[in-house]
Amino acid sequence: MDAIPYTVEERPDTGLNNVKIGIWLFLASEVMLFGALFASYILLRVGAPPGTWPVHGHEYLDVPLATLNTAFLITSSVTMVMAWAALMRQRQAGTSDLRKYRIYMALTVALGFGFLIIKYFEYSAKFHHHWYPSTNNFLAIYFVLTGLHGLHVIGGMAVNGYLLVNTKMWKTAPQQFANRVETAGLFWHFVDLVWIFLFPILYLL
Amino acid sequence: MAEHSHDAHGDHEHEHHHPKLGFWRKYVFSTDHKVIGIQYAVTGLLFLFFGFSLMMLMRWQLANPGQPLPLIGGLLGDSRMPGGVMLPEFYNQLGAMHGTIMVFLGVVPLAVGGFGNFSVPLQIGAPDMAFPRLNMASYHVYFWGGAIMLGSFFLPGGAAQSGWTSYAPLADIAPTGQTAWLIGMIFLITSSLLGSVNFITTIIQLRAKGLTFFKLPFFVWAQFVTAFLLLLAFPPLEAAGVMQLADRLLDTSFFMPEGLVVSGQVMDQYAGGGSPLLWQHLFWFLAHPEVYVLILPALGIVAEVIANNTRKPLWGYKALVYSVLGVGFLSFVVWAHHMFLTGMGTTINAFFQTTTMIISIPSVIILTALILSLWGASIRFNTPMLFALAFLPMFGIGGLTGLPLGLSAADIHLHDTYYVIGHFHYVVAPGTLFALFAGIYYWYPKATGRYLSERLGKLHFWPSLICMNLIFFPMFIQGMAGVSRRLFDGGETYAHGQDLLWVNDLIAYSAWGLALAQIPFVINFFMSIKRGAVAPANAWDATTLEWAAPSPAPHGNFLSPPVAYRGPYEYSVPGEERDFLPQFEPGGGPSDPGDEIDHGGAHAVPAE
Amino acid sequence: MSGEHMDIDKHVRTYVLVFAGLMVLTLVTVAISYLELPLGPAVALALFVAIVKGSLVACFFMHLIDERKLVYWVLGFTVFFFFCCLLGPWLSEINEIGPDLLN
């Protein structure tokens, strides 16, 4: 006996397969990771000596640009789940046409790129103003939070890019491939979720 | 070593064509949980011995402050021990790295990575962990994290030297070794997180047929809760580590207060406005659950060994399970008892003191249940049982001495004294470490197909027990007299230390005794691979599922998927010929479907 | 989720609606920030909108709304511990002893 059960099919009493549980557990740990940084943000802001913390985020940050970035990420979340839905449509119809999937997945990756490009412009603008992480704690937590988030965007894009390019498993184990897309989607939605909180906290308050 | 992926002795029906694995795939990049478990265990043991030798250097210095260390003193170089005399900076490196290595590179990898990986899939009747490749990655990330930690000794300025607790602002401005510590910790935390995802998924999804949650061995429950602690408590420390790295590398001021002056120099590269206490909160948010990570697998091992060697079911199985769940939950809300003296107000102090007192209740329930399990037992005094029995009073002392520390009024007097060091070492050293030794002696036959020598085992056990107590008990005395911890000269220039300097000599000699006592163990460990008495599949006449697999267990573990017919501790069942009824054997006595009433002894409920 | 026979079209319609809602809420939260409210109400409103948006993403894009109990339990504990990590340091900071040196 050596095949691992429930990698694709669901275990009857839990109703889940291994990967689904695994990714939710991992996301739980990510909630704690970003949560700790949010908790640090609060403590640093509450304890900041008077005059050292900007009254509004827009004193340093570009709100319109970040709003556009928010739109990018939300849209990429939709295209991601549409990519998975496209696969599930094919599964139900019993066909294996990957065109719709590829379009949606490519859009997801492209929007991710868009997000990173805008991020690049944001960061460059800061440095141009000689605003660095060391300048004050608002900028410090801004750079660490958005930087860590950005690393997660890059990681997610790497996985999505891999699933866009390497679709061999769709021929040999289509349900497992669809599950992989769903799992990658869960991570990608989480990245969007973090930004949904990051954006108002850093930029709008 | 024992990390072979032996094919099952004889029967090859179940194995479909596996390509013959080369050396690297079989021993270094294996995805077999047993190989990975042994990798973790051996690496962990090596780190434990290394951390031990760091402590030997420290103990020598404390007993002979300012003296040149004979023989090897000159070998360590002028940056550490010029003329063989230990510099305070080096003493601090030894202290910080001893703690870090023992906790993060030694005990947890052995207890969780080693025993968890090896025994959990076997005890739940699974062919492997849920994510074998992730498992392999976890080990390698741990390995390289450890390598970074060790390598930090060779950086200019030496290794981390701000305590294993790395408090800001000292750690923010410490030499480069601290940066290596932070990077190493990020590796270790990553390894832990990946591992815990694996453990939780495996225990939930891969239990054999018939193995409901309340038929799980207590060891599996303990590892299950431990995995949740690692999963949810480590990320805040990872966040803090990133912030401390930013403070060190980018000159941010997350933990740097305004107007910091170091040795007369104003630290004006820092904007200030940060909070050193933020580091403490984030650190202890992990580090308190971490100490439960240190003890829970040990409690699990002791439970298994006691059940097996008393030939009766554990007392209070349900109480044990609910208590371990309670301990896990409560461990997240007690952390600031490490911070009673930081200027927190009486309200918040009272909150954490209360939760700390409450968490002692399930802990005591677990210990009591294990002790009560001995009542009326037919005890077999083999080596694993000796270690498990010794664990009970040792953990008892460790736990009891924690109570004054958890009461903030008493903690005012005891905080940062040797009393604290005595307390936590009792829990981890003659506590956890003894339980881990019990586990090694107990599961060695499953890994290798041979028993460890009983004679060498007893030669290992008795001196270890005596020396452990001689080393750590005097620390309570020193601490209550007011001797502070982390004094590099052992208290020589410290008023409170004067009457108790002789204790440092006693401890140093006892440490040598403890070192020598490990030699029989090391010899036994290697010698018994080839020369140990051959063990059958069920080496201890035990009841849990791992003993259904051959010894050593082959790739895939079981010749056919095991089924759990009854609870995990059906020993001395009335009406049965043998004094044990394994979980995996059909028929026989009670096969209690759904009967979760805990009768405390063997029950004779007829099958329905 | 995977392998269940489900109405993909219904799901897709939901995704599009949620997408529209998220875009609207984004504009709403930015608009509110231009009102320059005092900090208390500003924080409360911003977090409220963020929680609504986050819930939409979690419930519908991440299919949390018809997920298994086990996942709910894991997330439930996680959220609880997150609040511990949030409140512990903050309350300790507020309940300090000693003179307030900075103000």
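Helices and strands here are DSSP runs, numbered from the N terminus. I start my notebook with that because the first entry uses these elements.

**Entry 1: chain C**

I note that the model is predicted. I read chain C from the N terminus on, and its elements run α-α-α. I counted three helices and zero strands in chain C. Chain C has 103 residues, and buried residues make up 26% of them.

I then looked up the confidence for chain C. The average pLDDT of chain C is 90, and 89% of the residues score at least 70. Among the elements of chain C, H2(C) has the highest mean pLDDT, 96. H3(C) has the lowest, 94.

**Entry 2: where chain C touches chain A**

I asked how many residues each chain gives to this contact. Chain C gives 38 residues and chain A gives 42 residues. On the side of chain C, helix H1 (8–34), helix H2 (39–61) and helix H3 (69–94) each supply at least two residues. H3(C) provides the largest share of that side, 12 residues. I sorted the side of chain C that touches chain A by class and found 27 nonpolar, eight polar and three charged residues.

**Entry 3: where chain A touches chain B**

I did the count again for chains A and B. This contact takes 33 residues from chain A and 38 residues from chain B. Two helices of chain A, H1 (18–46) and H4 (137–165), each supply at least two residues of the side that touches chain B. Which helix gives the largest share of that side? I found that H1(A) does, with 14 residues. By class, the side of chain A that touches chain B has 20 nonpolar, 11 polar and two charged residues.

I also wrote down the scores for the complex. The predictor gives an ipTM of 0.96 and a pTM of 0.94.

**Entry 4: H1(A) against H7(B)**

I followed H1(A) across to chain B. The axes of H1(A) and H7(B) come within 8 Å and cross at roughly 45 degrees. That angle makes H1(A) oblique to H7(B). The crossing of H1(A) past H7(B) is right-handed.

I listed residues on both helices. From H1(A), the residues that meet H7(B) include Leu25(A), Ala28(A), Met32(A) and Ser40(A). On H7(B), the residues met include Leu231(B), Pro235(B), Glu238(B) and Met243(B). By class, the contact of H1(A) with H7(B) has 12 nonpolar, two polar and one charged residues.

**Entry 5: H7(B) within its own chain**

I stayed with H7(B), residues 218–250 of chain B, and looked at helix H8, residues 276–310 of chain B. The axes of H7(B) and H8(B) come within 8 Å and cross at roughly 160 degrees. Roughly antiparallel begins over 145 degrees, so H7(B) is roughly antiparallel to H8(B). H7(B) passes H8(B) in a left-handed crossing. The contact of H7(B) with H8(B) has 25 nonpolar, four polar and two charged residues.

Next I took helix H3, residues 88–123 of chain B, which packs with H7(B) at an angle of about 130 degrees, with the axes 10 Å apart. H3(B) and H7(B) are therefore oblique to each other. The crossing of H3(B) past H7(B) is left-handed. Val112(B), Gly116(B), Ser119(B), Val120(B) and Gln123(B) in H3(B) meet Phe219(B), Val220(B), Gln223(B) and Thr226(B) in H7(B).

**Entry 6: one residue, Phe190(A)**

I located Phe190(A) in helix H6, residues 174–204 of chain A. Is Phe190(A) buried or exposed? Phe190(A) has 24 C-beta neighbours inside 10 Å, so Phe190(A) counts as buried; the cut-off is 20 or more. Leaving aside neighbours within four places in sequence, I found Phe190(A) in contact with Leu27(A) and Glu30(A). I also checked Phe190(A) against Ala93(A): they are 97 residues apart in sequence and 30 Å apart in space, C-alpha to C-alpha.

**Entry 7: confidence in chain B**

Over residues 1–16 of chain B the pLDDT stays under 50, and the model has 34 contacts for them beyond four places in sequence. Residues 591–608 of chain B also have a pLDDT below 50. I noted 27 contacts for residues 591–608 beyond near neighbours in sequence.

Conventions: Residues numbered from 1 in each chain as written. Chains lettered and ligands numbered in written order. Predicted model: local features only at pLDDT ≥ 70, side-chain atom pairs only at ≥ 80, totals over all residues. Contact = placed C-beta atoms within 7 Å. Helix = DSSP H or I, 4+ residues; strand = E, 2+ residues; numbered from the N terminus. Nonpolar A, V, L, I, M, F, W, Y, C, P; charged D, E, K, R; others polar. pLDDT = per-residue confidence, 0-100. Axes fitted to C-alpha atoms, helices over the stretch in contact; angles between N-to-C directions. Parallel < 35°, antiparallel > 145°, perpendicular 65-115°, else oblique. Left-handed = near helix turned anticlockwise from the far one by under 90°. Buried ≥ 20, exposed ≤ 12 C-beta atoms within 10 Å, placed from the backbone.
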